[in-house]
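My entries follow in the order in which I made them.

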Amino acid sequence: MPDHNESALSRWPVLRQVKNLDPLGLSNSAVSPRTESLAARTKKVDKVAASVCPYCAVGCGQLVYVKDEKIIDIEGDPASPISHGTLCPKGAATFQLVTGSNRVTNVLYRRPYGTKWETIPLDKAMDMVAERVKKTRDANWEGKSENGEPLRRTMAIAHLGGATLDNEENYLIKKLFTGLGIIQVENQARI
Amino acid sequence: MGTSFGRGGATTFPQDLQNSDVIVIEGSNMAECHPVAFRWVMKARERGATIIHVDPRFTRTSAVANMHVPIRAGSDIAFLGGIIHYIVENERYFKEYVVNYTNAPAIINDEFRDTEDLDGLFGGWEKDKGQYKTSTWMYKGVDPEAAAGARESESGNKGEPVQKNPIQAEHTDPTLQDPRCVFQILKRHFSRYTPEMVEEACGVPKDLLLKVAETLCKNSGPERTGAFCYAVGWTQHSAGVQYIRTAAIIQLLLGNIGRPGGGIMALRGHASIQGSTDIPTLYNLLPGYLLMPKAKHDKDLETYLKLNESPSGWWGEFPKYFVSLMKAWFGDAATKEHDWCYDYLPTLTGDHSHMNTVVDMADGAVKGYFVMGENPVVGSMNGPLQRKGLRALDWLVVRDFQLIETAEFWREAPEIERGEVRSEDIGTEVFFFPAAAHTEKDGSFTNTQRLLQWHHKAIEPAGDSRSELDFVFKLGQRMKALYRDEYDQPRNWPIRDLTWDYPTKGPAQEPDAEAVLFEINGYTVSDRKAVEGYTSLKDDGSTASGCWIYSGCYRDGTNQTARRKPQGEQSWVAPEWAWAWPHNRRILYNRASADPEGKPWSERKRLVWWDEQKGEWVGEDEPDFILKRPPSYRAVENARGKETISGVDPFIMQADGKGWIYVASGLQDGPLPTHYEPQESVIPNPLYGQSCNPLRMEWKREDNPYHRPYSDPRFPFALTTYRLTEHHTAGGMSRWLSWLSELQPEMFCEISPELAVERGLRNGGWATIRTSRAEIEARVLVTNRLRPLRIRGRIVHQIGVPYHWSSKGLVRGDAANDLISFVGDPNVSIQESKALTADIRAGRRSKGRRHVTSGPIVPEIDLKAEERDLPQVRHKPETRHGYKAEETKEGNI
Amino acid sequence: MAAGKGFFTDTTICIGCKACEVACKQWNQLPDDGFTFTGMSYDNTVHLGASTWRHVAFIERPVALSNQDAGDFSWLFSSDVCKHCARAGCLESCPTGAIIRTEFDTVYVQPDICNGCGYCVVNCPFGVIDRREDDGRAWKCTLCYDRLKEDMTPACAKACPTESIQFGDLDDLRQRARNRIDQLHEQGMSEAYLYGASKEDQPGTEGLNAFFLLLDKPEAYNLPPDPIVPTKTVKDAWKSMGLAVVGMAVTAIGSVLLAGNGARR
């Protein structure tokens, strides 16, 4: 067993091999302290969140391992009757999807006729979008058709997206947009 | 599937595929696109099942199948029709099942005329309207006006409208001999779909067809079952719904629905695509497949309910679900006196689906656009037209993980690269909001098997990243604040009364997703206790429920979708893992797994049966039937709603309780599937003068040019698009990941060695692929996995093109969908992207032109567009954007 | 020593999805190998290397499989990996002791010891182990040594959707493999055979702890038909010469110094 108090020289594997009469380095003498203390990083975590793969619709179970508020590993959930702990390459790459440097974390804004993105605060952007929804809705309201049929809507605002979103999110989208009179709400199910 | 069986969802679940004796995978590349679900196919194969893959290409699915059947893209109805022909002509159907559980014995109206009589048209074509008068397809003796008036088709449920027709056959012939019964009509309809004809239409050698048909027949009956698996290879056609219908007919004839190892497995491509139709982000639906009101017909609540409530079958419950939805949305304001706020709902005046929205956008009618978790300039057809639309907007909101092509259309696009469009000239204001990942939010996905699975938040999202839940919730709060001073106007009352007081939590004060799920489940208004399921919902305003089919997902006040009892600690059905709609049932219509007396058809294939002692249905799955209704029950006269469902009616959502071989009402383009050619084909229709689906949606616009219907000399090859295992759809979740990008690092096309020789294409070299819409370049993969087909003595080459790439990400390439025009299925407005014509040349694209901004790419020739249709179908009424059937008085959209 | 562990890769149920490649990269946090389209079927990572420890081979061939009705064609997939040879050339040639045989009878490179001399690279008869360009050190599959220590399944085997990659005790795996061969032969798949499942099968390596069930000759999968660990013969010679321990040490020191220079280049 390597002694952590040994000098640097004594840790040099060749010397250890010589000392331990193990010239081929095939027994324990060659084991470094790092190797000795090797352990799966998922063993000591703060939290394991049960999750579901976000790619296709098979719905494989995932386990998300969290340490110090950071995701350190994502792999299949063996408990899932659908996937038995397995994942496809996309599912197996989920860690990179959610932790990768690809992700943008600021709100970006492009002015009309602009040539670059600008960073703007989230709250301000939300206010701006809300104002635009109101302005567009008010300016393009259809109360009745030419034949007098009730329309109660605006055709000037549309939405796309939903198949990658949660049910709860789709529900609020449909609820809010219907309440606003926006009927052109669509998603990938048709695309 | 809705029209055939009653519900627009897969009838089974992947784990059940291990019980199959034969599995036909067609219109799907399951091993590549759903590898983990394919695990269960491999289990079946190891148990001795025969796996058959029918596909234009030899894919990773074909590689491990027992049989691969190469087929011309876009000819599946002819192929499946050939199987129906074989089953019927050789009397190989499961007679007892067919007679008792399907509408095969129903007698049809004397007026009905088949496509066999009218060269590809059904009877009832209305020349001036450009659509069918579908009442001529009705059951004999049923008042077509009453029936059709009450309920017609509905669009938009991912290819499978939900059927709610209040019709029941008045006359039947259980011997199936009456020439006007469904069975005999079916027999005549497919009489010309012979093995020889299949060979001509599909390029499938007739021996191969016979082998497939025989394998299916051999593996059906009381002791054996077979399953079909399909995906967008079937839905994305101008007759997509009818592709699925053809498989449904086979499965009904062979007695494969509702039984273990049977069924039709719809394989969806996004984590919650089933969920996004159940709780629809679709224009024509309200949650739970309730229809959006239509301006012309649904004048008031009374009319709306009358038109939607079915006097027979489960849809008799309609008012309970609608009223509960209105209570969930508008709370105390939704009272009986105020018609439950019915007049808060906007109304439809036609088809408002995605492609129409895009052309409206290009024409300047749409000002503001939200795009959440989708990349339409890559994933949708005719990308250049999509971008033209975005350029015409006032404002655009994109929510995604990174700057996808849709967010950057104003600075990175082929037409900008070519200098045809300048950023400085684009007036669209663009907001990009970073989205939270599934690991950064609580919520549920509904997977391909109708299973709602909860995912728990693992960490807080970084920076300004937020969930869509948070975004929409806070946008709603702002809308209420902005309109507070204008609540005197009726148009703003829905905003005022919208229930929007969700509890919030966490550092970002995000709404509690479980509170939203609780509302979806439903509750009793007085004490806000969760209801047990949709059977508890009322039409008197005492209950609220955001989506009736999901009712039960919060049963007992606990989140049932978060249940995770491990596999191995429960049966193979795993009923305690998450929660499936409806009512946690895993195999739909499972009453059909027992014979008419309620006994399992066989020990080997038992699932649900009638327990005489207990007086209820029992088994391994939750019975998809009225629990205590005995097999002997028959409806009394004047029964209404669910009291009309007899003990031998497994398809409880259908008005007559039967599986529909023949769809008397509910589809716009025919009660039986008919082979039509794609909008752009390499051959003329070998069966009918009516070449294409007469009801297909077309957009005849300068920015959406079509090819000749067939044999266009400029575009001699068939082209089909698809996905690869290593990437995801339009690439937003894969092209930015090094681990996936290195596995398929570049846009490529797949061609046969024969085509390579013909066009001088070299493996690993470059090719330019061209349609009248665009020219793109791709690396060339020459492979024997693509084989030329022999059709009518001539060789047909097919080009395969994956569609994952575009101008951004770690790996880049041209977008395949730029090649494709807007054409759609009339029932569900899904685009046709799986079969078209194209040209291919060696070398890199000379210019990368796009018709929308570059003008014509190829010399114009006489298009002979009229050859798509019989004379009486030509010159359909034009609307503002291309052709779309006008609303009928039946409420057709 | 715990029971020997290894992989049995049954290529008849591989669907070529490459989940193993990605799961391996994820667990071991490996970089990509560059983004190059090869035109070689669906194989764009080409071979095992310093940052690709699982690699799926794609073989398109003009021969039908005996259980398949698909014309004169078949497409074979096989997930390749370090074989963890019973006689491991890499280990035996490593002058620094960086490469060890673990208590699971697997072969592990200790990155903190490896100095990048590269002797192991030339001594692997399969061309598995490889030096990374940036730090010069040698890397290969660890058989998820860190996971094994916690009684966890290696990442690739755990992810494999169809269980083509099976992990377990070697004795058990070998029995399973033999049963599988019998079953396939009974089903008429006479082309199925085991590669490296035992010492007798493959004397040059004395058997592989990661062995395969194949459907075509080894060369089709880019595997050597008769691999021989180079050090096997060399070492026998050394022993007969009765080299002194001190002499060995001198040789080792010399090689370390030389290799150190090499690594810094």
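**Entry 1: a strand pair across two chains.** I began with A:L160, which stands opposite B:V371 in β10(B). The strands concerned are β7 (residues 150–160) of chain A and β10 (residues 368–372) of chain B, paired in the parallel sense over 4 bridges. I took strands (E, at least two residues) and helices (H or I, at least four residues) as DSSP runs, numbered from the N terminus. I called two strands paired if DSSP finds at least two bridges between them.

I noted the ground rules here. This is a predicted model, in which local features need pLDDT of at least 70 and side-chain atom pairs count only at pLDDT 80 or more, while totals for chains, interfaces and linings use all residues. Residues are numbered from 1 along each chain as its sequence is written, and chains are lettered from A and ligands numbered from 1 in the order in which they are written.

**Entry 2: chains A and B.** I looked up the contact between them, with two residues in contact if their C-beta atoms, placed from the backbone, lie within 7 Å. The contact takes 101 residues from chain A and 133 residues from chain B. On the chain A side, helix α7 (residues 167–180) gives the largest share, 13 residues. By class, that side of chain A has 53 nonpolar, 28 polar and 20 charged residues. In this count Ala, Val, Leu, Ile, Met, Phe, Trp, Tyr, Cys and Pro are nonpolar, Asp, Glu, Lys and Arg are charged, and the others, Gly among them, are polar.

Entry 3: I stayed with α7(A) and asked how far apart its end C-alpha atoms are. They are 20 Å apart, which agrees with the 20 Å that its 14 residues should span at 1.5 Å a residue. The expected span is 1.5 Å times one less than the number of residues. For burial I used C-beta atoms placed from the backbone: a residue is buried if 20 or more other C-beta atoms lie within 10 Å of its own, exposed if 12 or fewer, and partly exposed in between. 14 of the 14 residues of α7(A) are buried, so this helix is largely enclosed by the rest of the structure. Just after α7(A), A:G181 takes a positive phi of about 85°.

I then checked helix α12 (residues 240–253) of chain B, whose 14 residues should span 20 Å and whose end C-alpha atoms are 21 Å apart, which agrees. 14 of the 14 residues of α12(B) are buried, so it too is largely enclosed by the rest of the structure. B:G255 follows α12(B) and has a positive phi, near 70°.

Entry 4: Is strand β14 (residues 451–455) of chain B buried or exposed? 5 of its 5 residues are buried, so the strand is largely enclosed by the rest of the structure. B:L451, B:Q453 and B:H455 point one way from β14(B), and B:L452 and B:W454 point the other way. Strand β13 (residues 443–446) of chain B runs antiparallel to β14(B), joined by 4 bridges, and B:G443 stands opposite B:H455. The hairpin of β13(B) and β14(B) has 4 residues between the strands, and B:R450 takes a positive phi near 65° there. β14(B) is also joined by 2 bridges to strand β20 (residues 579–580) of chain B, again antiparallel; B:L451 has B:A580 as its bridge partner.

**Entry 5: β26(B).** Strand β26 (residues 766–770) of chain B is mostly covered, with 4 of its 5 residues buried. β26(B) pairs in the antiparallel sense with β27 (residues 775–782) of chain B over 5 bridges, and a hairpin joins the two through 4 residues. β26(B) also pairs in the antiparallel sense with β32 (residues 836–842) of chain B over 4 bridges, where B:A767 has B:A842 as its bridge partner.

**Entry 6: chain C.** I counted 8 helices and 10 strands in chain C; 52% of its 265 residues count as buried. 31 residues of chain C are in contact with 35 residues of chain B. The largest share of that chain C side, 5 residues, comes from α1(C).
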